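Below is a set of questions and answers on one protein model. Please have the sequence and the structure open while reading.

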Amino acid sequence: MRTMSLDVARRTALAAQGFADPRPDGEPTRRHLRRVLSRVRLIQLDSVNVAVRAHYAPLFARLGAYDPALVDDAAWSHSARRPRLLVEYWAHEASLVPVADWPLLHSGAKREGWWRHYRPLADSEPGLVDDVLAVVKELGPVGAGTIERELAGGQRRKQGAWWDRSEVKKICEYLFGTGQLTTGTRRSFERLYDLTERVVPPDVLATRVDAEEAARTLIAQSATALGVATETDLRDCYRLGPDVTRRAVADLVDAGVLEPVRVHGWKPPAYRHAEARTPRTVTGRALLCPFDPLIWERARTERLFGFHYRIEIYVPEPKRVHGYYVFPFLLDGELVARVDLKSDRAAGLLRVHGAFAEDGADQARVAAELAGELRLMAGWLGLSGVAVGERGDLAPALRRLT
């Protein structure tokens, strides 16, 4: 088993995530979106909209300023000329995944998620399940609130009483989790349910994959996205169980898809994808949202970059160290700073509530590069400028540069 230096492992991981690829010279296109998707494999969704929705940010980090309609069209619209590229499902967390991955995620390779707690309700109230499906078939794509109102105001009753609103929402989530419903589109980020058969192409929906084979494919895709990773890193991408992951890793090692390696400073063994590349250098800059796939596994982020990172949304304000919604700043292959960002749409400003350099960082250069990226982000978000607050050692230099 060969040993990789931490620097080699880091450059391998960055290349796997697309950070060794130059940003497009012109306006990014659907081809560029496909390239990023081939790297990251899935994009996490999150409801927080402090600076920008989480599913838009990883594309900005890799492509620069692009039209968010690229993602919207790929995920939530369909035409014969431009087929849907992405579909929603619980992969890492709530995620956008390639449509072709639908059979893998419904193969049995993944453990049933939190919606399993609603199975007793579905089993005890089959009429409610039928009614929800009937409303979606008639009105879809449709939101849970509209389904509730339709059931309350129509002829569908539960033994003379109205269906309970929370029960309707639970059944919607249960049917989403089991794959009978998916997201047809979104309206102001509200999920509008539709029958899966009207969203996922028939040939994909009809595909059946053995659970063990699906696990091997998903772990191989995880390895492609990560470059070099521990078994727990590989497992985390699609939230597979430990036993199925270990079997898949062993099979992929036997097949030559994964190479066992030791990474200097890592306690657990690691696995390098056979086709992973390691560039001599990684240059460029990027702001990473808290749900960027490069950093979403915090222990891996610390192993790779020596960067201790926690999202502090749920930490009481007096106890926050860096801020509410903090973006790490990647520069030439290192995480060199972090900024607490908020889009103030009323004022037309990207507000930097705090800006902090990592120990040993060249603060003058970091501030100059960060200022440039913040201006780029502000323009991309349709904001007129950047306003830097008082917190953090980078704040004075950033204020002079923005």
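Contact here means heavy atoms within 4.5 Å. This is a predicted model, in which local features need pLDDT of at least 70 and side-chain atom pairs count only at pLDDT 80 or more, while totals for chains, interfaces and linings use all residues. Residues are numbered from 1 along each chain as its sequence is written, and side-chain values use heavy atoms, with hydrogens and water left out.

Q: Leaving aside neighbours within four places in sequence, which residues is Glu312 in contact with?
A: Glu312 sits in the loop between H14 and S11; helices (H or I, at least four residues) and strands (E, at least two) are DSSP runs, numbered from the N terminus. Its C-alpha atom and that of Tyr324, 12 residues apart along the chain, are separated by 5.3 Å. Beyond four places in sequence, the contacts of Glu312 are Lys319, Arg320, Val321, His322, Gly323 and Tyr324.

Q: Is Glu312 buried or exposed?
A: Buried means under 20% relative accessible area, exposed over 50%, and partly exposed in between (1.4 Å probe, protein chains only). The relative accessibility of Glu312 is 9%, so Glu312 counts as buried.

Q: What average pLDDT does the protein have?
A: pLDDT is the predictor's confidence in each residue, from 0 to 100. Of the residues, 97% score at least 70. Over residues 159–163 pLDDT stays under 50, and the model has 14 contacts beyond four places in sequence for them. The average for the protein is 94.

Q: Which residues have the most contacts inside the largest nonpolar core?
A: A nonpolar core is a set of buried Ala, Val, Leu, Ile, Met, Phe, Trp, Tyr and Cys residues joined through side-chain atoms within 4.5 Å. In soluble globular proteins, nonpolar side chains tend to be buried together. The largest core has 113 residues, and those with the most contacts inside it are Val132, Ile147 and Phe327.

Q: How are H1 and H14 oriented to each other?
A: Axes are lines fitted to C-alpha atoms, for helices over the stretch in contact, and angles run from 0 to 180 degrees between N-to-C directions. The axes of H1 (residues 6–16) and H14 (residues 298–305) come within 9 Å and cross at roughly 125°. Angles under 35 degrees count as roughly parallel, over 145 as roughly antiparallel, 65 to 115 as roughly perpendicular and the rest as oblique. H1 is therefore, relative to H14, oblique.

Q: Which residues of H14 are buried?
A: H14 is mostly covered, with 6 of its 8 residues buried. What covers them includes H1, H11 (211–226), S7 (228–230), H12 (231–238), S11 (326–331) and S12 (334–344). The buried residues are Arg298, Arg300, Thr301, Arg303, Leu304 and Phe305.

Q: What is the relative accessible area of Arg186?
A: Arg186 belongs to strand S5 (residues 181–187). Apart from neighbours within four places in sequence, Arg186 is in contact with Leu45, Trp76, Glu88 and Arg191. Arg186 is buried because its relative accessible area is 17%.

Q: Which residues does the cis peptide bond join?
A: Most residues other than glycine have a negative phi, and most peptide bonds are trans. Pro141 lies in the loop between H7 (126–139) and H8 (144–153). With omega about 0°, the cis bond joins Gly140 and Pro141.

Q: What positive phi does Asp332 have?
A: Asp332 is in the loop between S11 and S12, and at 29% relative accessibility counts as partly exposed. Asp332 is not a glycine, yet its phi is about 50°.
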